[in-house]
Amino acid sequence: MERMSSSEMSESDRNRRARAFLGDGVSTSGRQLSGLSNSSPVDFEQAPSSFKRQKAGQHQVTIGKPDKNTVDLLEEVPQNNQLYLEYSNVRAWVPAMAPGGASILPSLPKLSIPTFKSSATKQREAPAAADNMRQILFNITGCCRPKEVLALMGPSGSGKTTLLSIIGSRAQSAMRRTGAVTFNGQKLNKRFKRQIGFVMQDDLLYESLTVYETLYYAAMLRLPQHMDHAAKTERVETVITALGLSSCKDTIIGGFFRKGISGGERKRASIGHELLINPSILLLDEPTSGLDSTTAMHLLQLLRQLSQGGRAIVTTIHQPSSRLYQQLDKLLLLSQGHALYYGRGELADEYFDKLGYTLPYRVNVADFILDLSSADVYTEGRDGEESRMYLISCTETYLAKHPTDGYDPSKSDGNLAWLRPSIDQQALKHDQSLSNGRSHHDETGVAASMLPAMDDSVDDDADEEDGNHARGLDIEEGNQAGVSGKAAAVPQANQRRWGATYPNQIRILFIRSVRTRRFQSLSTQDLCQFLIVGVLSGLFWLQRAKSSTTAAASDTLGLLFFELLFLSFRQLFVALFTFPDEFKMLLKERASGMYRLSAFYFARTASDLPMDMAIPTLFLLLVYFMGHLRYTAAAFFANFFTVILVMLVAQSYGLLLGTIVMVPKTAQTLAAIIMLTFILTGGYFVRGIPVWISWFKYISFIFYGYGQLVHIEFKDRNLYTCTDPNAAGSAAASIDVSNPQTDPRCVLVTNIQSALGLQQGVDSKTWKIINPCILIFTLVLLRVLVYVALRRKTSRV
């Protein structure tokens, strides 16, 4: 809308602009604002002197002017890659509690077990599952063109993050959605998805990586294959310089227990993670939360400059200052899932003024409209809630005629007088519908299950289509986008799907996985734990396996079982936390199209091998030689690899349970039950298991590992049973002597299995082959099941 001179401005326009200009003031929240529509006028000539000086252009002070030199380092988005975002009639439901409130009994934890159902079965079950749903978004419509900054504002619980997640195809699977979200007139496909940057509110970054490492690995994985290593490294340096992160690029991200970069630097690093790919659309969820006003202002100025490079930016903002509010091009104000205002940001106060809610003197526009959406503004004729519902009715009626651009007098009729009579006639009916959680579009009472669900799945087939088949956009000339229909066509179809080749993905992810665990693996705590336990075990069984008596052999069986049990038990419970701890990061990176899931899985599991074998090897060396187990190279390496193999099987069980359940506490309970069952049936503690339940031992990996260790230690050995004829009772059963071969009290054992109560024959060639084969088969099977479960968990991305 063109600017008017001071003489051409009406009295109401002069009053509105004066009030909007005069900075932050007293909040209107919770106070009676009587006669807002009849407020006394504000005369420009009687305004404060500071205002008149700025109006005259004398001694003007600029606060927080952005540095264009650094931002201009980032290349602009080519016109053929610019995306026009449009969302229409978006509704959303979430599961609601059953009528009557919560049960007085605590609910049992539910296992998040992946279900293997066809898409047709899921569609048939969807209506039944959506009957008990609560609507949280009501017919939200709008758009965001290139070079625009669209802000989603509203109080907590108004639906800002929900709408942003639906736009970015990151909504939770339990949420029911209807409506349409298109990019250049087409549904989301994987090519479009790789051009969208999504900055989450929680700043999911690896705490042990530095800022440079974080951006470097992201660049190696996300940037196109035609860029060489030098070009990708240069892009990383450019983003670091543009975002002002040069001073902290070698500092770790850090977290709650380890100090790293500041909150503002962390937020900029998250934005830089997405800017590496030069996205056409950038979505940010409350980027200013937790930042001071100056840092938040600089961040919004940065986003503003980035939008001028051909990017469409959509961000949620919780409590903006007056200066921050001025950086917004378009505004969507939400109130409990309803649109309270949609249009140009600087015209919001004008819109509400025409509806009878004039901005009070010296009150920040952002504070005032948030008070309106929170039902904290009162008039003589309406209380706060009545005012909110009245404004929702006006806005929904207006947007029904102007859904795309919203309130913009330069493109539509700015006179809102026609709204009041029609809204007043519908006020009672509309208020009743809102109190029941419905908008006037839902007054028919149609259940969520009866509406067609939003098809927000990624269109794989679109990747194979030619870019010339995309529907062009008819965007008016002279708008901020400046993109013609031809320029808005989809990107070239010959772009590769992945930024790095499959072998490079595995290599890069392997190196990154090793670096992300540098503080937890090979730590002093783990080293001390294994050393102390190893030394104590060696002292308890000191040279015990050297003797050839059955008494010493029984103690040796305990040593073999302990070295197997300790490492297996520890690895299983450590593995429970592997994927639950990284699941959110995996979802984020998979949603960005950084790598294949199989590449991540292979790299992540392969990175465990050298780090999980280093310290346990030290433990095995201490136990083996202090206990004087069989001193031959073949026996030592056979013992070592058997223990490592059993340890990997136990780790696989932990990975599988952690992936299926995703709740560590529940997974620990299940792991304890399963592991204790395997231990008790492993052949050491219980040897006379009833026949009807003895089959449990055949599913116990401990049974096969323990049997293999016994076979390695006692094969081709002579054992002697030594008794003291002078001892009475049970003491005469077995004694230990230093030289049983020549001691007359010792007798050569002809059947070691019977003498020691073993469940496998020591010299059995069959068990010698079966044991390692079963362990290897179990290891491979479990690893495949872990991958299948992980894929089911991430099937939506």
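Predicted model: local features only at pLDDT ≥ 70, side-chain atom pairs only at ≥ 80, totals over all residues.
Q: How many helices and strands does the chain have?
A: The chain has 25 helices and 13 strands. Contact means heavy atoms within 4.5 Å. Among the contacts in the chain with a separation of 6 or more, 80% are between residues 24 or more positions apart.

Q: What span should helix α21 have, and what is the distance between its end C-alpha atoms?
A: The expected span of a helix is 1.5 Å times one less than its number of residues. Helix α21 (residues 633-661) has 29 residues and should therefore span 42 Å; its end C-alpha atoms are 42 Å apart, in agreement. For helix α8 (residues 229-242), with 14 residues, the first and last C-alpha atoms are 20 Å apart, close to the 20 Å expected. Just after α8, glycine 244 has a positive phi of about 70 degrees.

Q: How many residues of α21 are buried?
A: A residue is buried under 20% relative accessible area, exposed over 50%, and partly exposed in between (1.4 Å probe, protein chains only). Of the 29 residues of α21, 23 are buried, so this helix is largely enclosed by the rest of the structure. In α8, the buried residues are Lys232, Thr233, Arg235, Val236, Val239, Ile240 and Ala242. For the chain of 797 residues, the buried share is 52%.

Q: At what angle do α18 and α20 pack?
A: Helix α18 (residues 550-575) and α20 pack at about 160 degrees, with axes 12 Å apart. The helices α18 and α20 are therefore roughly antiparallel to each other. This contact includes Phe562 and Phe566 of α18, and Phe619 and Val623 of α20.

Q: Is the crossing in which α18 passes α20 left-handed or right-handed?
A: A crossing is left-handed if the near helix is turned anticlockwise from the far one by less than a right angle, and right-handed if clockwise. The crossing of α18 past α20 is right-handed, and α17 also passes α20 in a right-handed crossing.

Q: Where is histidine 628?
A: Histidine 628 lies in the loop between α20 and α21. Its phi is near 60 degrees, a positive value in a residue other than glycine. Histidine 628 is buried, at 17% relative accessible area. Asparagine 184, with phi near 55 degrees, likewise has a positive value and is not glycine. Asparagine 184 is placed in the loop between β5 (176-183) and α6 (190-193), and it is buried, with a relative accessible area of 0%.

Q: Which residue's side chain has a polar contact with threonine 161?
A: A polar contact is a pair of N or O atoms within 3.5 Å; within protein, one must be able to donate a hydrogen and the other to accept it, and residues adjacent in sequence count only if both atoms are side-chain atoms. The side chains of threonine 161 and aspartate 285 are joined by a polar contact of 3.1 Å. Threonine 161 lies in helix α5 (residues 160-167) and is partly exposed, at 34% relative accessibility. Leaving out residues up to four places away in sequence, threonine 161 touches Asp285 and Thr316.

Q: Is threonine 315 buried or exposed?
A: Threonine 315 is buried, with a relative accessible area of 0%. This residue belongs to strand β8 (residues 312-317). A polar atom of the threonine 315 side chain lies 3.5 Å from the backbone oxygen of leucine 284. Beyond its neighbours within four places in sequence, threonine 315 is in contact with Val149, Leu150, Ala151, Leu152, Leu284 and Pro287.

Definitions and conventions
Residues numbered from 1 in each chain as written. Heavy atoms only, no water. Helix = DSSP H or I, 4+ residues; strand = E, 2+ residues; numbered from the N terminus. Axes fitted to C-alpha atoms, helices over the stretch in contact; angles between N-to-C directions. Parallel < 35°, antiparallel > 145°, perpendicular 65-115°, else oblique.
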